[in-house]
Amino acid sequence: MLKIGYPHLGDYHIPIRRLLQDLFPTAEIVSPPPFTQKTVELGGRHSPDFVCAPFKYNMGNYIEMLEAGANVLLQTGLGCRYGYYGEVQEQILRDLGYDFTFLCFSREKAHPQKIYETCKKLNPNLTFSIFSRAVLQAITRIYFMDQLDYFLREQIGFAKNTNCFTKTKKLFLKELTAENSMFGLYRIFHKYRARYHAIETQMPQNPLRVGIVGELYTLMEPYSNHFLEKRLAEGGIVVSRKMSASFLLFGKRDRRSLHSSRGYLQYTVGANGIDSVVGSRQYAKDGYDGLIHMKSFGCTPELNAQPALDQISRDYDIPILHLSFDTQTGEVGLETRIEAFMDMIEMKRKQQHENYNQSRRGYRLHLHKRRVH
Amino acid sequence: MASAYIWTQGDPIGAVKRLLNILRRQAPDAEIGSIGTTGSARKLIGAMLHADVVKNEITAHAVGTLSRHADVRTIIEIGGQDSKIILIEDGIVKDYAMNTLCAAGTGAFLSSQAKRLEIPIEAMGDMAMQSQSPAKIAARCTVFAESDMIHKAQAGYSKMDLVAGLCRAVAANYLNNVGKGKQIVSPIVFQGGVSKNKGVLAAFQEELGEKIHVDADSHLMGALGAAILSQKKTTHRKPFDFSMLQMEYVTRAHICSGCTNNCEIVQFYRGDTLLDSWGKRCEGSVG
Amino acid sequence: MKDRMETIRSFSCLENFERGDINCTKLAILHLVMHMKIGLPKALLYYRYGVLWETFFHELGFDVEVSADTSKETLEIGTKTTLDENCLPLKIFMGHVKSLIGQCDRILVPRFSRTSKTEEYCVRFWGLPDVVQNTFPNAPIISYNLDIGLHRSEAAAFIKIGHTLGKSKSAAFQAYRAGCRAQQRLEQQNMRVQSTQLHKSDKKILIAAQPYLIHDAYVGGQLQKMIAQQGVTPVFSDRCNRRLCRALSKEISNDLYWSLNKEMIGAIELCKNQVDGIILLTAFPCGSDALVNELVLRRVQNVPIIQILMDEHTAPAGLETRIESFVDILAKRRPYA
């Protein structure tokens, strides 16, 4: 019997699990156990030293799933090093003595036709209509999730009852996974959007806002960034992050991004480097209070973008915090730096406000206009 | 003002107990109006003492220094375990950096080298100032600097030259790591435990070509900042009970099996009462 | 350099221009263009395209200045201007660029991305012009973009560079052809030398690495010297037949898409029966090497391999010990040599 396993990526494991269930109704889907320190240690021990952190996290997931009885593993692959993960991971796992089938949809193999053919081999009953329907639904689910998550990240720090958002989100994900029709998905999305909006929040008139950019895995997997977004939200900050799985699916337009980077970059710099720069510039222009740039240690595309980000930070006078995460990132130093960053943007805001009041005492109306977002 | 500067020696709770006893002896009649904690163990000690303010050391240092030197632009801080640079513009923190990778060029490095050379750490500064031709010691990393120093010692350099070389290595290391890419603008204030070392101060002045201020209480700036912040925040509090110093404080770590998240929870007890716990990642998580 | 600036100034002084003496200004610009000095940082892909670049600019009538060999100082300057996390070759490259600023009128910083539909360079090369430009905002950079995935050829990229320097298409194309020929001649000669070395019976070690590590004076240069001191002939992975290497690389890794790494592992496959040992030279923290070398170490058997990691702290003493002990192991394997 097929036992299919796949690595973790934030909350996306929920729609992915549903997708696999649709594609392989007879197979058992082995969800990866949640991340623990042990997962990370396992992954780190069996990975090359300076490979980027996502590789190590994936390895940890794979080993734990194989231990749980999985015999088919999934991997994808795109730009930069990610496209080459699969082959190396498969070799390492085989050398560890596991027996399994490794399905790697990387680069050229990520073509829908090829994916279909590979899936067909595992499940002979699969037809193209079932396949396309399942994929389309999965993409829709991911899109709706990201839409609501964007709203959630901005609001969650200000909820009167902190658990309210989390509980609603849990229900939302549950209904979304259970639903079978496209129209039903659409209905659920609207229902929960209304519910999210109905949750009481105490947002001040002009809250501190921070834009988050960086490498996708670190952004999307909260365990790998030490729950940074949660920490910021707890500090009463509006967290804005545009990069998500649906950004990758629908929003990535390199040509247009190059144009809108306005000379900060002349060329694409690999993976999501260009998107970090465009995003940062947009946040800076929109008057955000700070930027946080996250990546895994040694991430080349983001390192390519970093000088441009520093240039933006100087040009627009917006503080930027660069964070590099590895499997051994120290909790204490990270906490200090984040707290200091939050203090810093708060003090900066206070000072700006005072200066503004002093210089433009007569233009109160103007100030009020500025506050409306 | 009552003050004291002691090493934690791996036991922050015991150190705080000792510290409070010292302070009490210095000012027996003083009443404690507010408490602020800062540094790496700020949460733990904050819970232990019911602090009004628990603040990260970067902000605390900036606030403390600004209270003494209102026009400061750059703060160089080298403490026992870490070092940082804080850039200030118009009285607010504009940028900062911390050493994140290794302990090279911190107080711990200097004290371990002092032990190796068998000289008291307090005497290092004066010894360094007497040197005529400081030894060139690789300023990259503790391990390299150490092997380099042994090599130089065997090549016949005097202790004074070695110490002076070490002080320069600390300054150069700081500027290459923590201070990399930062615009160091004067007025510059140098603080933290290592600022008491005249040799390092001289090395910084030479490297930067600027005058560097060292406050008489330069080692206490973080504490001062935390105190100022706590003063602003204080509410009516119960008078501080010194008898709590006699009590037993313990931390216990365990893995929560409440849900599948398996959070690693650290609980902090006084006797049998739970004071605080950390590490819970379940409720209210975003995204 | 200084003299030239002065002549230009005397030609194009403001008075002349204000008098409407267009000819004088034209002459000045002509002078500037004719005697423009192009700087080539001696790092990264210089070790692969250096002769092509030099010949190309010479043919177009420009002066060319190549930066000096990598020294400790170059690396220190590079380390100061880049983040710690960046790879060693980039730090070296930045050091070279810095040394050329102010010495040249233009500095060549090309961008390499896709070399064919399925192959590409490490993303480090994708962002090179942007990294340099954002780190040194005043650096006079010229750049060409090699991106064959977008139906553009190398020739087109060179014609474009010629165009930005005010040269005609045909002149640029001719210069490019001449450059290619010169580069090919050199490579073929190198290959000939290496193949005779491979057929000799003395002890040989293959240094498998990116070309800019092997031939860099500070990184690979040290290593080459140490190997030679042990009485072993070093052979290089970038001096093998590239087309053959690319085809052979499939034996070790099927999914690999980095051109340089493909050639490197192909060379391992090609030479592994002709050499006594292989040194995988890599720099901290090279992303592509981290993955590829892991696979090589796991998949290539029957020949002793060690991986040597270089970073800015690597001390010669430690390196020497490792090379010596490796050579000792080889001696035990082949007692007759």
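## A sheet in chain B

Lys84(B) stands opposite Met98(B), a residue of S5(B). This is a predicted model: local features need pLDDT of at least 70, side-chain atom pairs count only at pLDDT 80 or more, and totals for chains, interfaces and linings use all residues. Residues are numbered from 1 along each chain as its sequence is written, while chains are lettered from A and ligands numbered from 1 in the order in which they are written.

Strand S4 (residues 83-89) of chain B runs antiparallel to S5(B), joined by 6 bridges. Strands here are DSSP runs of E, at least two residues; helices are runs of H or I, at least four residues; both are numbered from the N terminus. Two strands pair if DSSP finds at least two bridges between them. The open sheet has 5 strands in the order S5-S4-S3-S6-S7 (chain B), with mixed pairing. Its edge strands are S5 (92-98) and S7 (212-213) of chain B, and each pairs on one side only.

## Where chain A meets chain C

Chain A gives 36 residues to this contact and chain C gives 31 residues. Contact means that C-beta atoms, placed from the backbone, lie within 7 Å. Helices H4 (82-95) and H14 (300-316) of chain A are the elements that give two or more residues to the side of chain A that touches chain C. H14(A) gives the most, with 8 residues.

## Where chain A meets chain B

Thr336(A), Ala340(A) and Asp343(A) in H15(A) meet Glu57(B), Ile58(B) and Thr59(B) in H3(B).

Definitions and conventions:
Two residues are in contact if their C-beta atoms, placed from the backbone, lie within 7 Å.
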